[in-house]
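Colleague: I have a new model open and would like to learn how to read its features. Could you walk me through it?

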Amino acid sequence: QVQLVESGGGLVQPGGSLRLSCAASGIIWRINAMGWYRQAPGKQRELVADITRDGTTTYADSVKGRFTISRDNAKNTVYLQMNSLKPEDTAVYYCHANAVTNRGEDDDWGQGTQVTVSS
């Protein structure tokens, strides 16, 4: 099983920046896509951004131009640089990875990290 550990959440004022990190560990043969999802109170979990192993990225329309996803394949780590944060970005952010392990292909999730944008 793959363990995903997120870090970097917190409280920030509107217009500020945060950088989230997510490191995968375990018996990993290969990680395919990695990404970030978020869930605000009373809302469904939604895709924020994801990135394939070769670096192809996808972003939600609401974050295009403000957020940047990147990954370090050697470290099995994915990052989310969030700039120009807005109150509506407030949510729990979850890391996701589609990984191939000795038990086959699997989708794994982190525990989540809170991001609060407020003055």
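Colleague: Let me start with one side chain: is Trp109 buried, partly exposed or exposed?

Modeller: Keep in mind that this is a predicted model. Buried means under 20% relative accessible area and exposed means over 50%. Trp109 has 36% relative accessibility, so this residue counts as partly exposed.

Colleague: How many aromatic pairs are there?

Modeller: The count comes to one aromatic pair. Its members are Tyr37 and Trp109, with 5.0 Å centre to centre and 65° between the planes, an edge-to-face arrangement. Tyr37 belongs to strand E4 (residues 28-39) and Trp109 to strand E10 (residues 104-109). The two residues are 72 residues apart, and their pair links distant parts of the chain.

Colleague: Which ring does the charged end of Arg19 sit over?

Modeller: That is the ring of Tyr79, with the charged end 4.2 Å from the ring centre. Arg45 has its charged end over the ring of Tyr94, 3.8 Å from the centre.

Colleague: Now the strands. How should I read a sheet?

Modeller: Strands of a sheet pair through backbone hydrogen bonds, either parallel or antiparallel. Here, four strands make an open sheet in the order E1-E3-E8-E7, with antiparallel pairing. Strand E1 (3-7) and strand E7 (67-72) are at the edges with a single partner strand each, so one side of each has no neighbour in the sheet. On average, neighbouring strands of this sheet are turned by 15° against each other, direction ignored.

Colleague: What joins E1 to strand E3?

Modeller: Five bridges join E1 to strand E3 (residues 18-25), and the two run antiparallel. As an example, Val5 has Ala23 in E3 as its bridge partner.

Technical notes: Residues are numbered from 1 along each chain as its sequence is written. This is a predicted model: local features need pLDDT of at least 70, side-chain atom pairs count only at pLDDT 80 or more; totals for chains, interfaces and linings use all residues. Side-chain values use heavy atoms; hydrogens and water are left out. Rings of Phe, Tyr and Trp (its six-membered ring) pair if their centres lie within 6.5 Å; planes under 30 degrees apart count as stacked, over 60 as edge-to-face and the rest as tilted. Buried means under 20% relative accessible area, exposed over 50%, partly exposed in between (1.4 Å probe, protein chains only). A charge sits over a ring if NZ of Lys or CZ of Arg is within 6 Å of the ring centre and within 35 degrees of the ring normal. Two strands pair if DSSP finds at least two bridges between them. Axes are lines fitted to C-alpha atoms, for helices over the stretch in contact, and angles run from 0 to 180 degrees between N-to-C directions.
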